[in-house]
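Please open the structure in your viewer and keep the selection panel at hand. The tour moves from one selection to the next and says what is there.

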Amino acid sequence: MDQRLYQLGLHLTPGLGGVLIRYLMAHFGDAQKVFEANFKTLIRVTGVGEALARTILQKEGLKTAEAELVKLEKVNGNIVFYTDVAFPQRLKSLYDAPVLLYTKGNIDFNNGRYVSLVGTRKATDYGRNITEQIVEGLVNHDVTIVSGLAYGIDISAHRASVRSHMPTIGVMATGVDVVYPDSHAKTAVEMESNGGIVTEYCLGTKPDPMRFPARNRIIAGLSDAVIVVESAKKGGGLLTAEFANNYNRDVFAVPGNLSNPYSIGPNNLISANKAQIFTGVDNLLESLSWLSNKSSVKIEVPEHFTLEESQIVSLLRQKGEMHIDNLTWESQVSTGKLATLLLNLELQGYVRSLPGKRYALG
């Protein structure tokens, strides 16, 4: 059977979260072998008790996955598992990253630069205008715009991207077949030719306030930089910025009028040193070392590379150069093992060492 069936089966097995799925994959090597394992072998895996082992053996998740894949094909959707080359490299190093994403559209997660634009659903004319200016200013810099397809700043970012023929991705807290709000369904379809929509939730999942914070972590994790345009004192955009700071992403905030309640959030981020002040696209490009105007080149990772080697190459492609301590943190590979991997990559000509324990692509 298609390996996707077993991967989705793990994702849909009751009681199996991302951590346990990673433990099972590390133990068995692929998803199919998990479902072929016997009871005694399953309970040897860290975190898998007798009750969960029996649940896996009942293969209910596999049966659900069969029906899900049929439905997914009907809506022209797809799935990408965390062990797949196509899975976002930016997410692989995150401790709370999803193990599987549903996608719809034409998305390349590992090509170019990713910038998230987030903010209030009650955007002002100022906020919408700034959002459009940012998108237009990034047109020639190989950037994909990420947002949450919500009212306000989100939809302004997506629509400006569509008008500018820029790739844009909407991260949703619903199934790929349930666009929320439904008034944005037309825009979601327009995004599919150059980007599309992404979610970790199965088909038919309806909007629920409890799911939106989890959606925001994916927006932050997918990005090289997050820009908060407008936000009240509390809001989803600020939560996305918090995730971005935790993930060591660059965070920017657009300053606003002190009398505007939707400037409070960005202004507070700046005053608390949780975001750099955004004064224009050139300021953003300079801070991110993107001012060369050269499009980033997609690096083809050889098939013989391990997942960890691919991850290191991807991180260096995104950052330009990194200290070994930062590489250790973002890759979640131990320092000793990372040093061995870097030496091997250096001998093959993929990586070069720099003074001060820094590394860059060869």
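**First stop: the pocket**

Begin by selecting helix H2 (18-28) and helix H15 (307-319), each of which supplies at least two residues of the lining of the largest pocket; helices here are DSSP runs of H or I with at least four residues, strands are runs of E with at least two, and both are numbered from the N terminus. The model is a predicted one, in which local features need pLDDT of at least 70 and side-chain atom pairs count only at pLDDT 80 or more, while totals for chains, interfaces and linings use all residues. Residues are numbered from 1 along each chain as its sequence is written, and side-chain values use heavy atoms, with hydrogens and water left out.

H2 gives the largest share of that lining, five residues. Next select Arg22, Tyr82, Lys92, Gln311 and Ser331, which lie nearest the centre of the largest pocket among its 18 lining residues. The space in this pocket is about 660 Å³. A pocket is an open set of points on a 1 Å grid over the protein atoms alone, with protein on both sides within 12 Å along at least five of seven lines, whereas a cavity is a set where a 1.4 Å probe fits but cannot get out; lining residues have an atom within 4 Å of a point. Points are joined across faces, edges and corners, and a volume is the space filled by probe spheres set on them.

**Second stop: the cavity**

Now select Ser93, Leu94, Tyr95, Asn246, Tyr247, Trp329, Glu330 and Gln332, which line the largest cavity. Its volume is about 80 Å³, and the structure holds one cavity of 30 Å³ or more.

Colour the strands to follow an open sheet of nine, in the order S1-S2-S6-S5-S4-S3-S7-S8-S9, with mixed pairing; two strands pair if DSSP finds at least two bridges between them. Strand S1 (78-81) and strand S9 (276-277) stand at the edges with a single partner strand each, so one side of each is left without a neighbour in the sheet.

Within this sheet, select strand S7 (residues 225-228), which is joined to strand S3 (residues 113-118) by four bridges in a parallel run, with serine 116 opposite valine 226. S7 also pairs with strand S8 (residues 250-253) in the parallel sense over four bridges, and there alanine 225 has aspartate 250 as its bridge partner.

Which way do the side chains of S7 point? Ala225 and Ile227 point one way and Val226 and Val228 the other, and all are buried, meaning under 20% relative accessible area with a 1.4 Å probe and protein chains only.

Note on methods. Buried means under 20% relative accessible area, exposed over 50%, partly exposed in between (1.4 Å probe, protein chains only).
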